[in-house]
Amino acid sequence: MEKTASITVIGGGISGIQSALDMANSGFRVYLVEEKPHVGGIMSQLDKTFPTNDCSSCMMGPKLVELANHRNIEIMAYTDVLDIEGSVGNFDITLKRKSRAVDPDKCVGCGICADKCPVKITNKFNLGINQRKAIYVSYPQAVPLIYTIDKLHCRYFTKGKCKICEKLCKNKAIEFDQEDEIIKLKTGAIILGGGLQPFDARKKMEYGYGIWPNIVTSLEYERILSAAGPFQGHIQRTSDNVKPRRIAWIQCVGSRDTSIGREYCSYVCCMYATKQAMITREHEPDIDTTIFYIDIRAQGKGFDRFYERAKTENGVQYIRSMISRVIPNPEDDSLLIQYITTEHLIREEIFDMVVLSVGLCPNSSATKLAKHIGLKTDSHGFCVTDPMDITDTSKPGIFVCGGFQGPKDIPDSVQQGSSAAARATALLADVRGNLVTPPSIPEERDVINESPRIGVFVCHCGINIAGVVDVESVADYASSMPDVAFATHCMFACSTDQQQDIIHQIKEHKLNRVVVASCTPRTHEPLFRETLRDAGLNPYLFELANIREHDSWVHQAIPEFATEKAKDIVRMSVSRARLLQPLYETTHSVVQSALVIGGGLAGLTAAHSVAEQGFPAFLVENNLELGGNARTLFYTEDGAEPVLYLKELILKVEEHPLITVLKEAEVTNSTGSCGDFLTTVSVHGETREISHGVTFVATGGDEYKPTEYQYGSYPQVVTQKEFESMLVSKPDDVKKLKDVVMIQCVGSREPEQQYCSRVCCTAAVKNSLKLKSINSKTNVSVLYRDMRTFGFKENYYLKARQKGVRFFAFDRDHKPEIELINDQLKVIVLDFQLQVPIDISADLVVLSAAIRPSVSGKTLAEVMRLPLDEDGFFLEAHLKLRPLDFSTPGVYLCGLAQGPKFSNESIAQARGAVSRALSVLSKKEMTSEAVITHVDSLICRACGECEKTCGFKAIKVEGIKDGKKLASVTASQCTGCGACNVACPTGAARLAHFKDEQVCAIIESIF
């Protein structure tokens, strides 16, 4: 039976959205099914995201617009899944599209119906803090932007009268007699992205949630902070709308709690509390913020530095103490918290608000569906997956991503969404492209002979900009500028409805240049360019004025100055926009093959995943053997055996006809651009050139070799990795050990290396359990700063304690010390909780050493001109929403090259990176960037300075005719860096879109 070339994603959170976009961009028809009226999931309810403090709505905006406009994605919101039958390649799904009582084809999202609706009810999106109307959209940027009638409260459905919305709707979109619709869908594969829901804090009655005012959950506090929330971003108590003076956060509410059957860690709570406290201090510096915690779990990339910044720069106070209850004071609705200090004194403090950092549970609808179709779920309702392939469910052809697989942060959800997409598309690779509809591009309006008519759109960005800058004043100022034909301000310029409004205003006012004053072009410029294209304008007639990063964020304390600066920035942008000219992209053939650099677990997975999709791959490894660090990963805490998985994977790679393996090889040079790279590889001293369309960087990492704790001086001091090898290869010797001490954070979380190595705490726990299984009488002591056994790894930390492993906390200022007395090691540690020194005898001291970036990675970064972060790991395009991409198009990263991670995370990242690359590999042709250098033949003297300077080999001096030479540019290889412009002595080399007169116009407008 022929496979169906479509894939269904169930769940419209950020993971499901990413999965849908990846698959649609790589040649598949995608159905995105969401039970709520609008997609976006929990991320749409967040104010900011850690550790960058980017606006959540702003980050989601471009993805939501792309999703809404994608011709190969059908969004089936407000739809329930009733049943799934069939098998790989041919599933039958039964859906129920619930009645909105609004025709989705007629509704334009104008909002008149909601403005005039007389019925006010609890706003579920804002978690009941305020009210909304009976006809509604969930949030301003909602996709699809279709109103929905709440039939439980609408007067027509409850009393048979009113119908005001029907009378006012000019498009006749209201359909009171609309019924639910049963839909039968055929699909080749299924991805479950059911997501998460917050723990019900009412189940912890000792904290008084739902009983006493001013006790809110963390998600409720997100809505309080949000500019689009119930208080427009102003921090105030729910009882009296007064600004609080002191706020406390209580961690682990509904997490790490065996008394209610929630023993797992919810992964993100420590960090979102840190973020919320930090944002609170930035909004209102006089509010005192205190976080009560057990362990700070800042295990992600950039998290630990963010946590330290909260303490040192923002003045957030952290108190290590479990809080047993909150005591209310009815007289003023204040709240009392008791805790024990490190001096063992009971202390009481009064707070105006308490935020409960609630844990995360699987979405109940997802759990119900999984059980209905026979998928394995755990005792909590999360989907059970293969320990190594964490997107694989118990049923072939059905995959999982995001929070339904387990609690996780946004980047983990995003890369799992991409990973699940790679798994699904690999099954259907032979029918790729069968059901897709090619994009339609409107005819472009010729504006070359028109006088400039500039439109200026000033974005509030919630309160990110409008909380500091007077945006109305900026818009008024813009309207007074010469050649500005239209100027306005809007809440979110990146929202779906605002994109349509920009298109409308372009046509209405015959605009031929557009300036949007908002946030960074790094994330949003492509979105606005596409909007111009949809309006029939050349996309390069767009200019973005960054009044967020360049203004409101850096001048929060001086709003008057920020407003004046915003006017200056807009004036500069308008001056440049006057001189913008249409530019046109060129097309070039795509080399449909991949280069994978690094033959460890991530690189091997990437190469094999590319081949599964039907494309050739070249795998370059600088060692004689494949496998990297995974060759010494013998077991995991949950029973997997990475080394055996690795052996099978190496065999698959080496035997695959589409994979070429080059060992003892090194990349020495790389030129070209996305879709058409040419890389030089040295193999055993011989040079080989490889032509390929995409590149994967998987150079791995190295275990830090400690200089502390007498490592290298005493043979009884080993690293955790060395100890794991001992446990496997020398169990009889290990069995004789009476006392073993493990020391955490060796080389991690130091001022010079301010990052957590993520795997160390779990490694200590798993090796402690392994040791206990060999000799249950061995005394094992783990000395730690914060136990970071996040997610389900917490279960093994609990098990280790039950098995008798002892855990002692210490702080960075009082690290353990090692002494050798009569051939016996002694470890002395100042216990953080008892505040007394403890002496522990040790036959063996095991150091949990940091993961460092590989040395080869730094060399490769220089060769390929790729960025590194401050810790030396490769720097992704965006930490949250593009964790697998470099800012250089066509180049992707995965595994330890990106940062410390577990083996199954490396596998998921590698597959996710391949999914991202398929948007290139699946095409036979693609366009090149139009912002490239052009050479003026009249003044070029063929001196060759440009050719010497170009690091991409994109410009060469060649003979043309009659012995004359001229510098010429290969468009597909030019990256628009402008280096040749600087080198050219005559000014013949000029960068399109950044010509001298355009740049000078900006400068002159300042004075």
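So, P144 sits in the loop between β10 (135-136) and β11 (148-149), where helices (H or I, at least four residues) and strands (E, at least two) are DSSP runs numbered from the N terminus. The peptide bond that joins V143 to P144 is cis, with omega at about -5°. There is another cis bond to look at, between F50 and P51, and there omega is about 0°. P51 is also a loop residue, placed between β3 (48-49) and β4 (54-55).

Before I go on, a word on the model. It is a predicted one, so to speak of a local feature we need pLDDT of at least 70, and side-chain atom pairs count only at pLDDT 80 or more, while totals for chains, interfaces and linings use all residues. Residues are numbered from 1 along each chain as its sequence is written, and side-chain values use heavy atoms, with hydrogens and water left out.

Let's stay with the backbone for a moment. C252 has a positive phi of about 60° although it is not a glycine. You will find C252 in strand β16, residues 246-253. Is C252 buried or exposed? It is buried, at 17% relative accessible area; for us, buried means under 20%, exposed over 50%, and partly exposed in between, with a 1.4 Å probe and protein chains only. Now turn to C745, in strand β39, residues 739-746. C745 is not a glycine either, and its phi is positive at about 60°. With 13% relative accessibility, C745 counts as buried.

If you want a landmark, L335 has F351 in β21 as its bridge partner.

On to a helix, α27, which runs over residues 996-1006 and contains V999. Which residues of α27 are buried? They are Q998, A1001 and S1005. Viewed down the axis of α27, these buried residues fall within an arc of 50°, so they line one face of the helix; the arc is taken from the directions from the helix axis to the C-beta atoms. Among the elements that cover them is α16 (559-577). Over on the other side of α27, D996 and E1004 are exposed.

V999 itself is partly exposed, at 33% relative accessibility.

Two residues for their surroundings. H608, in helix α17 (residues 601-612), is buried at 13% relative accessibility. Beyond its neighbours within four places in sequence, H608 is in contact (heavy atoms within 4.5 Å) with L649, K652, V653, H656 and I659. A487 is in strand β26, residues 484-490. Again leaving aside neighbours within four places, A487 touches V456, A475, A478 and S479.

Last, the charges. A salt bridge here is a side-chain nitrogen of Lys or Arg within 4 Å of a carboxyl oxygen of Asp or Glu, and by this rule the count comes to 60. E74 and R97 form one of them, at 3.7 Å from N to O. E74 lies in strand β5 (residues 73-77) and R97 in strand β7 (residues 90-97), so the pair ties together parts that are 23 residues apart in sequence. E74 is partly exposed at 28%, and R97 is partly exposed at 27%.

Conventions. Two strands pair if DSSP finds at least two bridges between them.
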